[in-house]
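Biologist: I have the structure open. Can you walk me through some of the strands?

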Amino acid sequence: MICAFSNAPFFDNSPNRKWRIFALLTDLNRLSVINITSLSNNYSVMFCSLKARPVDCNWITFPRFPTETQDEGLDTRSSSDRRRSGRESGGAADGAQDDDEEIQDDEPANEDGPSPPAGPPPKILTSQQILTRKVGESVILPCQVENVPTVVWLNKSLTLAVNNLRLTFKDDNRLTFRPDHTLEIKNLTLFDAGEYTCKVNDGLQIHHQLVLNEPPRLVSAEPENPQVILERGQHSTLRCHFGGNPRPHVNWTRKGGQFLGGDKVHNADHFHLSNVEAKDSDVYTCHAHNGLGFAEHSFFVAVNDGPHIVPERDVVNTNIGERPELACVVHAYPKATVKWFKKEQAEELHPNKHMEMLPGEDVPGEGGLSRRHVLRFDNVAEEHLGTYQCLAENSKGTSRRAIRLSGLPLAAKLEHVTYNKGRPVLSWTADSLDPITTFELLYRPKKSSDWDTKVLPVNKTQKNVYTVTYEMENIEAPMYEAKLKSRNSFGWSEDSIIYEISADTSVSAESSLKGGAPVTRISLSLLLGVALLLTRS
């Protein structure tokens, strides 16, 4: 028998394939290479990597090709049928008769009757699956078969392996083809996502879909340069494109505070700046999250305009002999020079034994577009207390901001409110380097003009933080307003901001305290009802 290959692809139609797999043909006019042997009822086919030097070849055993291979040009008729067809045509060439005789030598006609029936049909027992994994994890793609000697694995159109023989990615140790035809892929990357096919023949195959989840990652940013320099009055749109699965949610924040309209967060994949001026100089950051992780990217926007100054604190508390610092952050392009003045004096301050002006330093994370300038005092005296000005100047203009150095306590803050039998219990704190001696609480029903005043002692102190707690009395309205001020040896502090306090006296408010049981109102009603019944009896 003469067995031959053509160069027609049998399994792999990919134009990028590294292997060429030849299909068995009996049409000798298409003979190209004789490289196949007959083994009982199977064929052993040699696969060669034509790109390898030296050529790398391996043998694989296949069953007799199914009848549908006739569509590919394979003549599966017996030799006797072929001879009969040749005689009926009457025009067969001598060379063809010689070929028939040559085939007859290797494959004698079946004189004893029809061929024995074929074995049980091939089956794939595994169902198609959608498998979801994270980048870096492993996945197992099953393919359980019956009556199938040969299984082919494909990724999209690329042939990965025939049985355990790798045909592509031979050096990729992440891929393992097991004897049970299971494909395992370790340390998954984004490029591994997609369709995987376990194939027995053209009519019998299953497809697994591999979906890879990943935390957000920045794909692109516009503009590419994170330092964005704009002229006054210009417009610009900042964009962040994040990859990830599930699709990330994107929002924006501004380091210097709020956006136009008072919002602290802007939800979109872009942020538009319009008609910019110096106060728009800031760090704008896009944030992405999808439940698997977070990613962010910052733009450092500088407006080619006069400086914009942001004091670290408007009021700095101190005491005699301390070493306080006044600091202002200057956003400016071009960079600005900074001078310090005391409000009551017209002359610029210069270093002396009680104060020094530290050189401006770039603010970390702001792309060199913002600098922090510090006026530091050593062994502060009472004459140093007062209001100072940070003045910044560049070629586009001048700006100044005031910072007060004071021995007075800082304005108090209401930390939390609890309730005792429906009465609000207010807990306050105030900072002061000089000891606080007195608190004064003022509260009133909302919309009332008259304040009730309570002088309160200091409860406790921890690292210059003083606390006071007060339980409000004579509650008659559902809503109150309250404020607090404190006193030390320098005098009274400014009033705190006015806080609104809920004063709900209902049973629900009473029973909600610290998980306590519902109190007397329900119990009294029950007792009155019982007493009434006893009286009538």
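Biologist: Let's begin with Ala-221. What stands opposite Ala-221 in β19?
Modeller: Cys-240 does. Strands here are DSSP runs of E, at least two residues, numbered from the N terminus. Before we go on: this is a predicted model, where local features need pLDDT of at least 70, side-chain atom pairs count only at pLDDT 80 or more, and totals for chains, interfaces and linings use all residues. Residues are numbered from 1 along each chain as its sequence is written, and side-chain values use heavy atoms, with hydrogens and water left out.

Biologist: How many bridges join β17 to β19?
Modeller: Six, and the two strands run antiparallel. Two strands pair if DSSP finds at least two bridges between them.

Biologist: And which way do β8 and β17 pair?
Modeller: In the parallel sense, over five bridges. β8 covers residues 130-134 and β17 covers residues 204-222. Leu-131 stands opposite Leu-210 in β17.

Biologist: What about β16 and β17, how many residues lie between them in the hairpin?
Modeller: Two. β16 and β17 pair in the antiparallel sense over seven bridges. Glu-195 has Gln-209 as its bridge partner in β17.

Biologist: Back to β19. What does β19 do with β22?
Modeller: Four bridges join them, running antiparallel. Thr-237 stands opposite His-272 in β22.

Biologist: Which side chains of β22 are buried?
Modeller: Phe-271 and Leu-273, which point to one face. Buried means under 20% relative accessible area, exposed over 50%, partly exposed in between (1.4 Å probe, protein chains only).

Biologist: New topic. Is Ile-185 buried or exposed?
Modeller: Buried, because its relative accessibility is 1%. Ile-185 sits in strand β15, residues 183-185. Beyond its neighbours within four places in sequence, its contacts (heavy atoms within 4.5 Å) include Val-139, Leu-141, Leu-175 and Tyr-196.

Biologist: How far apart are Ile-185 and Ile-140?
Modeller: 6.6 Å in space, C-alpha to C-alpha, and 45 residues in sequence.

Biologist: And Phe-191, where is that?
Modeller: In the loop between β15 and β16. Phe-191 is exposed, with a relative accessible area of 76%.

Biologist: Last one. What is the strand order in the open sheet of four strands?
Modeller: β32-β33-β37-β36, with antiparallel pairing. β32 and β36 stand at the edges with a single partner strand each, so one side of each has no neighbour in the sheet.

Biologist: How many bridges join β36 to β37?
Modeller: Three. Lys-460 has Thr-467 as its bridge partner in β37.
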